[in-house]
Amino acid sequence: SLFFLRTMASVAGLDSAKPEEVGISSERLQRFREHFEAAADGSGRFKGLPRIPGAVLAVMRKGKLCHLSATGKRDIEKGLPMEPDTIFRIYSLSKIVTSVAVLQLYERGFFQLDDPLHEILPQFKDMYANETPNGVIQPYRAKTPISIRHLLTHTSGFSYGSFDPSPVGQYYKESGIDESPSSADTLEQFADKMSNVVLKFEPGSGFNYGVSTDILGRVVEVLSGKSLADYFSENIFGPLGMVDTGFFVEPSKANRVCTMYEMGPDNKLQPAAPVFGADLPTQQRPFQSGGAGLFSTVPDQLKIFAMLANKGELAGARVLGTATVEFMTRNHLPGGKDAAQMHGQMADFAHMRGLGWGLGVAVVLSPESGDF
């Protein structure tokens with residue numbers, strides 16, 4: 001079909017197949033597509049109220065792309081359609097890229113996972129933790145040094161001040177910690193500030209989704225001697241052919257960036273106020289946020305996901321070793337616990353039962369228990 005030919009031509013470096021060739025029903029895929037079309041135009045069960053401006057839908061199975069479609073608008077006011085190569089702010093999907101970079105350095109022998117962070121970033125040697133994670137700040141000298149494993153598994157005690165209503169989160173705000181991609185700090189300056197905060201808990205004793213991955217970005221810079229952007233380009237984006245991913249958007253590509261929307265008071269979509277550094281996509285910012293700073297496209301994201309699904313290799317480019325990817329995607333929370341058993345907190349998750357954490361990625365332990 002014309003649609004299938006377009007799919008094959010859309011994502012260089014990825015194998016394609018018809019849905020039935022990889023055991024997927026075309027009719028069921030069409031239901032997915034129709035759902036997103038209805039959400040974008042407000043038809044059917046959405047009762048005349050569009051819920052999203054648009055969407056790009058991609059499905060891969062058995063290493064082959066069998067569906068790629070776009071529906072709705074990337075900019076409603078300008079009437080610009082959503083397209084397969086529309087550029088999005090991918091926020092926390094940036095964490096996967098940073099984690100891959102860290103594991104590349106791990107493979108090269110730069111550190112062991114349980115090495116103290118302060119052996120690489122000395123300012124983190126003497127940290128203070130809070131007596132109770134969400135209670136009034138009562139700091140004490142942490143007994144356990146933060147390790148690289150703690151950072152990869154979000155068990156370091158760091159938080160996100162922007163999303164944390166606890167006293168520790170408020171302390172971040174009062175201390176001038178700006179973890180958004182629009183921060184005026186460099187990664188070095190950000191790490192220095194973070195070395196002076198109070199941790200929510202003793203490292204390794206709890207789970208809290210936070211800026212740990214941004215600290216890992218600084219680790220990559222120090223060990224590699226390169227900026228995070230340059231390291232990503234040379235070791236991940238280049239080998240995988242991720243041509244539209246980076247910390248800013250080239251001016252020639254600015255027209256492809258998706259405008260962000262939110263629901264207004266009249267229950268209708270309206271352009272969103274700048275959210276967590278979402279404005280000025282073509283501006284090169286000093287803070288290369290490995291936790292939330294990247295722009296990318298669905299085709300580029302398919303490439304890094306396909307690389308991981310294929311145990312570290314894509315189209316002849318070996319990014320990680322097979323054993324490393326298998327190790328990365330095991331649950332590394334202590335004692336095989338899920339995040340809920342470690343009092344885990346994460347924005348937009350009602351609870352974290354059934355969800356473990358590997359080396360930079362979530363690991364589903366029991367789908368029947370989850371809310372994901």
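# Getting to know this fold

Q: In the loop between which two elements is the place of tyrosine 91?
A: Elements here are DSSP runs numbered from the N terminus, with helices (H or I) needing at least four residues and strands (E) at least two. Going by those runs, the place of tyrosine 91 is in the loop between β4 (88-89) and α3 (94-107).

Q: What is the phi of tyrosine 91, and is it positive or negative?
A: A quick heads-up: this is a predicted model, where local features need pLDDT of at least 70 and side-chain atom pairs count only at pLDDT 80 or more, while totals for chains, interfaces and linings use all residues. Residues are numbered from 1 along each chain as its sequence is written, and side-chain values use heavy atoms, with hydrogens and water left out. Tyrosine 91 is not a glycine, yet its phi is positive, at about 45 degrees.

Q: Alanine 315 also has a positive phi; is this residue buried or exposed?
A: Alanine 315 isn't a glycine either, and its phi is about 50 degrees. You'll find it in the loop between β11 (313-314) and β12 (317-318). Buried means under 20% relative accessible area, exposed means over 50%, and partly exposed is in between (1.4 Å probe, protein chains only). With 66% relative accessibility, alanine 315 therefore counts as exposed.

Q: How many helices and strands does the protein chain have, and what is its radius of gyration?
A: The chain has ten helices and 14 strands. Its radius of gyration is close to the 21 Å that the globule rule gives for 372 residues, so the chain is as compact as a globular protein of that length. (That radius is taken over C-alpha atoms, and the rule is 2.2 Å times the number of residues to the power 0.38.) So the counts are ten helices and 14 strands, and the radius is 21 Å.

Q: What percentage of the residues in the protein chain is buried?
A: The C-alpha trace spans about 65 × 50 × 45 Å along its principal axes. Of the 372 residues in the chain, the buried share is 51%.

Q: Which kind of aromatic pair do tyrosine 160 and phenylalanine 163 make?
A: Rings of Phe, Tyr and Trp (its six-membered ring) pair if their centres lie within 6.5 Å; planes under 30 degrees apart are stacked, over 60 edge-to-face, and the rest tilted. A search of the whole structure finds nine aromatic pairs. For tyrosine 160 and phenylalanine 163, the ring centres are 5.7 Å apart and the planes at 85 degrees, so the pair is edge-to-face.

Q: How many residues apart in sequence are the parts that phenylalanine 207 and tryptophan 357 tie together?
A: These rings have centres 5.1 Å apart and planes at 50 degrees, so they make a tilted pair. Both residues are buried. Phenylalanine 207 lies in the loop between β7 (198-199) and α7 (212-224), while tryptophan 357 is in strand β13 (residues 355-357), so the parts they tie together are apart by 150 residues.

Q: How far apart in space are leucine 269 and isoleucine 52?
A: Leucine 269 is in strand β9 (residues 269-271). Leaving aside neighbours within four places in sequence, its contacts (heavy atoms within 4.5 Å) include Ile52 and Tyr261. Leucine 269 and isoleucine 52 are 217 residues apart in sequence, and their C-alpha to C-alpha distance is 7.4 Å.
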